Amino acid sequence: MKKFLTGVLLAVLILTLAACGTKNTSGSNNVGEKETTKIVVGASNTPHSIILEQAKPLLKEKGYDLQIETYQDYVLPNKDLESSELDANYFQHIPYLELQIEDAGYDFVNAGGIHIEPIGVYSKKYKSLDELPDGATILMSSSISDHGRVLAMLESKGLIKLDESIDKTAAELKDIVENPKNIKFDANYEPGLMPQLYSNDEGDALLINSNFAIDAGLNPIKDSIAIEDADSPYVNIIAVRKGDEDKDSIKALIEVLKSKEIQDFILKEWDGTVVPVK
């Protein structure tokens with residue numbers, strides 16, 4: 001009997017140790033592997049999710065498991081960040097974030113700027129802005145936060161002139177004071193639809209955000225008839241809920257995305273159509 005009880009106790013001990021050896025916690029690897037913390041980031045397909053994929057192994061070395069959730073629109077990533085389905089998102093520039101905070105009341109902050117995507121003018125009919133005829137129609141997206149950016153860019157190219165008394169990042173069509181070619185602006189389209197409208201030869205010219213242009217196989221530098229200058233203030237950022245910018249995981253994410261490895265990758269991958277910021 002004594003030997004029998006000893007054998008039973010030994011078996012129980014072995015099973016207990018085996019169970020402890022295989023136990024896993026959320027965001028952690030098995031015993032013997034480096035423990036990691038999961039970071040969930042929402043991103044546009046191009047270039048944001050591609051950049052994040054390159055950041056994965058670098059974050060892994062720091063003990064973080066990066067999970068990327070991709071989005072096709074500009075609305076859901078902020079809604080999911082607010083509901084804590086995401087730890088951060090990476091798809092928007094600063095003026096858009098500020099407008100979203102004002103309109104939706106989000107308690108978000110900019111955790112760090114990563115890159116700039118110059119916006120471009122595209123046309124299948126004309127090879128330059130100078131060729132646009134009197135009364136030409138230019139299609140713009142319905143994204144209000146992009147209107148000031150677009151109009152300021154067109155002013156810098158000499159196509160229109162804006163009221164000098166306004167903040168040009170907030171410019172609207174009504175703020176155009178000089179329009180020598182009597183350009184008509186149609187701003188009633190979702191941003192993601194602009195490449196399809198270009199493909200369908202809609203309008204005389206269109207303005208397309210570079211992330212959507214690249215996603216559709218367009219090269220903003222080669223295919224556009226005019227492009228925003230590289231010193232644009234419209235930096236794409238990592239947005240987080242207020243207070244989370246101080247988390248070690250978010251600091252690690254920003255550090256990796258601003259690293260030389262990632263900046264070199266951005267420059268090589270997009271050849272100047274996406275520009276990293278310091």
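Predicted model: local features only at pLDDT ≥ 70, side-chain atom pairs only at ≥ 80, totals over all residues.

Trainee: Which residue in S13 stands opposite His115?

Mentor: Strand S4 covers residues 108-116 and is joined to S13 by two bridges. The two strands run antiparallel. Opposite His115, the residue in S13 is Pro276.

Trainee: Which strands stand at the edges of the open sheet of five strands?

Mentor: This sheet has mixed pairing and the order S9-S6-S10-S5-S11. An edge strand here has a single partner strand, so one side of it is left without a neighbour in the sheet. The strands that stand there are S9 (184-189) and S11 (226-227).

Trainee: What angle does the direction of helix H5 make with that of S6?

Mentor: Strand S6 (residues 137-141) pairs with S9 in the parallel sense over four bridges, and Ile138 stands opposite Phe185 in S9. Helix H5 (residues 144-156) packs on this sheet, touching strand S5 (120-122), S6, S9, strand S10 (205-208) and S11. With the direction of S6, that of H5 makes about 145 degrees.

Trainee: Why is H2 called oblique to H10?

Mentor: Helix H2 (residues 45-61) and helix H10 (residues 260-270) pack with their axes 10 Å apart, at an angle of about 140 degrees. Over 145 degrees would count as roughly antiparallel, and 65 to 115 as roughly perpendicular. That angle therefore makes H2, relative to H10, oblique.

Trainee: How many nonpolar residues does the contact of H2 with H10 have?

Mentor: H2 passes H10 in a right-handed crossing. Among the residues making the contact are Ile50, Ile51 and Leu58 of H2 and Phe265, Ile266 and Trp270 of H10. By class there are two polar residues and one charged, while the nonpolar ones number nine.

Trainee: Is Asp175 buried or exposed?

Mentor: Asp175 lies in the loop between strand S7 (161-162) and strand S8 (176-178). Its contacts beyond four places in sequence are Lys161, Leu162, Asp163, Ile166 and Ala170. The relative accessible area of Asp175 is 10%, and the cut-off is under 20%, so Asp175 is buried.

Key
Residues numbered from 1 in each chain as written. Heavy atoms only, no water. Buried < 20%, exposed > 50% of the residue type's maximum accessible area, 1.4 Å probe, protein only. Contact = heavy atoms within 4.5 Å. Axes fitted to C-alpha atoms, helices over the stretch in contact; angles between N-to-C directions. Parallel < 35°, antiparallel > 145°, perpendicular 65-115°, else oblique. Left-handed = near helix turned anticlockwise from the far one by under 90°. Nonpolar A, V, L, I, M, F, W, Y, C, P; charged D, E, K, R; others polar. Pairing = 2+ DSSP bridges.
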